[in-house]
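Thanks for making time this morning.

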Amino acid sequence: MKAFTAKLVDLTQKNAETIARQWAKDVKTNEKTYTYHEESEEKIIRQAKYFYNNFQMMFFNESPYEQAKEVFEKYAEERYREGVPLHEALYALILMRRHMWLYAEFQSLFNVEVEHRQAVESLSRTILMFDYIMYVVTRQYWKLMKLECQAKENTR
Amino acid sequence: MQAYAAKLIDVIESKATNISGQWADDVMTHKRTPSYHSLPKDMVINQGINFYMLFRRMSMAENPYEEAKTFSWQYAEDLYKKKIPLQEATYALMLLRRHLWLYAEFQGLFFTALEKQQAVESLNRTILLFDYVSYQVIEKYQELIIGSVERRLGAIKTLMMKGRMGSEGGTLKAALMTIFLLCACLLTYYSHVTLKTEILFTHLFYIPVIFASIWWGKKGIFTALFLGVLILTSHALFLTGIPFSGDIVRAGMLIVVGGVIGWLMEGIKKVEEMY
């Protein structure tokens, strides 16, 4: 599995800056990520680079879910503090995944027949990682919302 | 794209009950979806079937995003009513997608090289449709949470005179409070000077005190302070010979009540701002 999927992750890692910039352009105009429209481009590019760099570590980690918790709980907390609604934060993540894949397609990473099998493997593994990330981010948001509610209740 | 994905969609549609059954077994035992463990299995399976049936409609629709809305909203509402946390609702969706794909793999749907290419296309298409549904479900959940908070705060918001009056609300509150305070002055004068009594009428002072705290939060305490000082000054001027103790307690209570309500309202305002 690792040998097949390494290609996609390596490409993403090497071109994190380029993919992050493409993603930033998208997220700043996409109608489903409205909160990002006013953010500075450099700031959101940093977000994407952080994501892509950590994604590689997670991809090859023996326990990717634990790694996701470690990295993306912090990511969720930052977006929450910035006031990004959950559906937009998650859609931004979805776009990160899409841009990763678009870049790979654009570079014709999986072109010949045997590579299509690798593509399926890569895609499946990527989706699994994203599922973990989205679960962790949603759970952390939910937790923070509850905590904030409780804090307000206590203030009352 | 649609031609490639058609094969997968045909399987999903014809085997929706089987795939949903497998999904139900998984989601009802999975450690990341504990709230599903106690749900009736039939209900869970039906949810799965509805979802898998949506696939053809979404694939055929000119605007799949719009097509998904009815399902997504219903899905979100049903789960929200059952108090399923959002992360579990989305994880259940992910499992729906995973089981769909597992079933296709198990059936050897994409075996040859050409089929592998179709598999990539189908997978991409499936992911896109799932992305739409996930986004809509999460958005709806947030709407439902906000709606529920709004309803709970509804009565208080009415008392706070928020919403419809806009900037006129502030002037109206100030005008009403001035009238309340004038009435309080007249009532104090009438009771202390004409009736020569200190009892009972001060209970009416709680009305402006409570309103002031609801409208202006902690700042509302100034109304209580004003009324407290009014009672004590008037007592000193017009009720000579009657002990102060009763009015001191009354003035103190007004300030305590005003302060507590103002403090509570600050908390409610913060919750409101949060949503």
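Lys83(B) counts as exposed, because it has 7 C-beta neighbours inside 10 Å, where exposed stands for 12 or fewer other C-beta atoms within 10 Å, buried for 20 or more and partly exposed for anything in between, with C-beta atoms placed from the backbone. This is a predicted model, in which local features need pLDDT of at least 70 and side-chain atom pairs count only at pLDDT 80 or more, while totals for chains, interfaces and linings use all residues. Residues are numbered from 1 along each chain as its sequence is written, and chains are lettered from A and ligands numbered from 1 in the order in which they are written.

Lys83(B) sits in the loop between helix 4 (64–81) and helix 5 (86–106) of chain B, helices being DSSP runs of H or I of at least four residues, numbered from the N terminus. Although Lys83(B) is not a glycine, its phi is positive, at about 60°. Most residues other than glycine have a negative phi.

Turning to the core, which residues touch the most other members of the largest nonpolar core? They are Leu90(A), Leu93(A), Ile133(A) and Val137(A), out of 85 residues, a nonpolar core being a set of buried Ala, Val, Leu, Ile, Met, Phe, Trp, Tyr and Cys residues joined through C-beta atoms within 7 Å. A second, separate core has 13 residues, including Leu227(B) and Ile231(B).

Finally, on confidence, chain A has a mean pLDDT of 81, with 83% of its residues reaching 70 or more, pLDDT being the predictor's confidence in each residue, from 0 to 100.

Key:
Helix = DSSP H or I, 4+ residues; strand = E, 2+ residues; numbered from the N terminus.
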